[in-house]
Amino acid sequence: MRSLWNHLKLGNPKLIGRYDVLARLRSKRVAAALIAAALTVPVLAACGGDDKDSVVVYNAQHEELIAAVAKKFTAETGIKVELRNGSDLELANQLVAEGKRSPADVFLTENSPAMAVVDAKGLFAPLPATTLDRIPAQYRPTNGHWTGFAGRSTVLVYNTAQVQEADLPASLMDLAKPEWKGKVSFSPTGADFQAIVAGVLALKGEPATKAWLAGLKANGTVYDGNNVVLKSVNNGDTATGIIYHYYWYRDQEEAGDNSKNTALHFFGKKDPGAFVSTSGAGVLANGKHNANAEKFVDYLTSKDGQQVIADSYALEYTLNPEVPLGREVKPLGELDPPAVGISDLDSARVVELMQDAGFLA
Ligand SMILES: [Fe+2]
């Protein structure tokens, strides 16, 4: 407001140079009108034109997947989707900082811990039961403030020339033991690996998680990104890597250039290494397009939206049982994951523990 006032008073003499205009500008009534005008402009901009037919999505899921979903959603509803892409905790922290002033209508994450951060600040509107009921209870919080829409299984990718099947670890926790020194890799700066650590923390508690992280620090090779981990295992630079299933299956569906020397080990048996992470979707309570936001999240869990995910390049698990992923991927029903309360994943504590272990700055 101050800059608008200065602009009118000082910055544009041609416009307001005449004494009588200045005199009028000085009057309290005109000043009040200018203040009102300045406050009104953004509101008009937000409501004007065909803006009511849009929805603003803060997206931390893979850009290509959500762009495909958004394209179909727009074709079916006429509602334009504005995607603002970032990473899980980056966008969660941005939403918390913006609070009620955020332009976001919907928040989508790769992994659920970032959803819990936003929910803890009371920023989500509860979702309708019709949306929630499509997704099994273990993939959404009991308070109904958001829902899962895609799943990703933790796996160990291994170089088949370096590790025999019989020598594979029975548990993810074993990779911290001395016999795995120099034989394991992972990408600790990514939200994917941090969600896996959150699963370990929820299942094993803090002392065991600290000891496990210390063992991984001693044993492990750190890369930046799950695709880099996959490549390095394929090249034989490291014997094994902790990743999510879809990185390997996608490469297999292509030419297999980065996975042909490898195989996947599914831990199963409710081991922390069989943790299935959930991609979450929620409607921001203070968004400006609530009805559109509800429609978008509803679409994500619907048969049509889940089919877009199943048919895409992504190879992440669909969570609506009416639309199985299919393809050549080990079915979700065969993974035998551990029971982790989706609201019990504590990303703030995970970041602290990973900082203490020397994985994060
Ligand atoms: Fe990922």
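At 28% relative accessibility, glutamate 206 counts as partly exposed (buried is under 20% relative accessible area, exposed over 50%, partly exposed in between, using a 1.4 Å probe and protein chains only). This is a predicted model, where local features need pLDDT of at least 70, side-chain atom pairs count only at pLDDT 80 or more, and totals for chains, interfaces and linings use all residues. Residues are numbered from 1 along each chain as its sequence is written, and side-chain values use heavy atoms, leaving out hydrogens and water.

**View A. Glutamate 206 pairs with arginine 349.** Their closest N and O atoms sit 2.7 Å apart in a salt bridge (a side-chain nitrogen of Lys or Arg within 4 Å of a carboxyl oxygen of Asp or Glu). The pair links distant parts of the chain, 143 residues apart: glutamate 206 is in helix α10 (residues 206–219) and arginine 349 in helix α15. Helices here are DSSP runs (H or I, at least four residues), numbered from the N terminus. Arginine 349 is partly exposed too, at 22%.

**View B. Arginine 349 also meets glutamate 352.** This salt bridge spans 2.4 Å, N to O. Both residues lie in α15, three residues apart, about one turn of the helix. Glutamate 352 is partly exposed, with a relative accessible area of 37%.

**View C. Aspartate 174 bridges to lysine 177.** The closest N and O atoms are 3.1 Å apart. Aspartate 174 is buried at 16%, whereas lysine 177 is partly exposed at 39%.

**View D. A salt-bridge network.** Glu110, Arg152, Asp192, Arg250 and Glu316 are linked together by salt bridges. The whole structure has 13 salt bridges.

Technical notes:
Helix = DSSP H or I, 4+ residues; strand = E, 2+ residues; numbered from the N terminus.
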